[in-house]
Amino acid sequence: MLASRALVRGLQSGFWRRVSTSSAAWVAHTHDVDVVDCSVPQYNNRLDTPLPDVPFVRNLSVEQKKLKENEKGSWTQLTKEEKLALYRLTHELSYAEMRQGSKEWMTVLGGVFIFLGFTGLLVWWQRVYVYGDVPHTLSQESVAQQTQRMIDMRVNPVHGFSNKWDYEKKQWK
Amino acid sequence: MFRAALRLSVSGARSLTRSRPQYTASVAARSYSHGKQETDEEFDARWVTYFSKPDIDAWELRKGMNTLIGYDLVPEPKILEAALRACRRLNDLASAIRILEAVKDKSGPHKEIYPYVLQELQPTLNELGIPTPEELGIDKA
């Protein structure tokens, strides 16, 4: 028992620690993900919220700050490009861009069909190579014998099976 | 139980008759069974007053605009003019353009509302130097 506890301890210190907090994993975890502070208002693109809580670009470069200064003056003095730049500073996507949609559904549908098709192949293989023979009672002659017996027994003679057999002419009605 | 059902059906019937096709500001979304309904003019006047506050701050502009867009109506041009002038006081051109975009989006399938609103706002847009989204090319993605 002591040996097994030592074994577990050894595993924890060596193997599992390496797997869970290996340097590569740690770096990927902290550097690839942008830290988003969810406790302060965030920017969002929403059709029902035309004016978001914060502007899209928070840290302005020198030219952008200068542009913001010009914004305080008369807007008739600004060029069209400057006005567009001011819009893009505050908003990431325009309404048209928000409404755009993508062609992702084609990829999704295609993927679904591919996997369904692959599953179909697996099912076919299973049917051919895994399943054994069907019972002999499903053979043509066995079924014929069964049917004859059902007719002789008068199965469902009023509305059902035997009702459809013409006993005089010995054939189906 | 029946009274509750009756009350529900009455208010449902009332809201059906009230949903006459209207282009701009209709009555506010409160359905009292008693008490005075706010008229369209009162609604408009209330919002014009809100945006006309001389020392309106950026939060109030955002809050007002986001609330107004949340209503089931397209705001009257006079409300929008007050909002645009508020943007001017706050030195916020981007919000002014965004408001115009929101109006167009709000009109939905009624394509005639947006040109009408632009036509009514043209003097203000020219005076303040606010471009329309079409002029900037952001009306197409």
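**Exercise 1. Count the helices and strands of chain B, then give their order.**

Step 1. In this predicted model, chain B has seven helices and zero strands.
Step 2. Now walk along the sequence. The pattern of chain B reads α-α-α-α-α-α-α.

**Exercise 2. Do the count and the order for chain A.**

Step 1. Chain A holds seven helices and two strands.
Step 2. Along the sequence, chain A runs α-α-α-α-α-α-α-β-β.

**Exercise 3. What share of the residues is buried in chain A, and what share in chain B?**

Step 1. Recall the cut-off: buried means under 20% relative accessible area.
Step 2. Apply it to chain A. Of its 173 residues, 15% are buried.
Step 3. Apply it to chain B. It has 141 residues, and 42% of them count as buried.

**Exercise 4. Describe how helices α4 and α6 of chain B pack.**

Step 1. Locate them. Helix α4 of chain B spans residues 77–89, and helix α6 of chain B spans residues 113–128.
Step 2. Read the geometry. The helices pack at an angle of about 25 degrees, with axes 10 Å apart.
Step 3. Classify the angle. Angles under 35 degrees count as roughly parallel, so α4(B) is roughly parallel to α6(B).
Step 4. The crossing of α4(B) and α6(B) is right-handed.
Step 5. Find the contact residues. From α4(B), they include Leu80(B), Leu84(B) and Arg88(B). From α6(B), they include Tyr116(B), Val117(B) and Leu121(B).
Step 6. Sort the residues of this contact by type. Eight are nonpolar, one is polar and five are charged.

**Exercise 5. Is Ser142(A) buried or exposed?**

Step 1. Locate the residue. Ser142(A) sits in helix α7 of chain A, residues 140–153.
Step 2. Check the accessibility. Ser142(A) has 12% relative accessibility, so it counts as buried.
Step 3. Look for contacts. Setting aside neighbours within four places in sequence, Ser142(A) touches His136(A) and Thr137(A).

Note on methods. Residues numbered from 1 in each chain as written. Chains lettered and ligands numbered in written order. Predicted model: local features only at pLDDT ≥ 70, side-chain atom pairs only at ≥ 80, totals over all residues. Heavy atoms only, no water. Axes fitted to C-alpha atoms, helices over the stretch in contact; angles between N-to-C directions. Helix = DSSP H or I, 4+ residues; strand = E, 2+ residues; numbered from the N terminus. Parallel < 35°, antiparallel > 145°, perpendicular 65-115°, else oblique. Left-handed = near helix turned anticlockwise from the far one by under 90°. Contact = heavy atoms within 4.5 Å. Nonpolar A, V, L, I, M, F, W, Y, C, P; charged D, E, K, R; others polar. Buried < 20%, exposed > 50% of the residue type's maximum accessible area, 1.4 Å probe, protein only.
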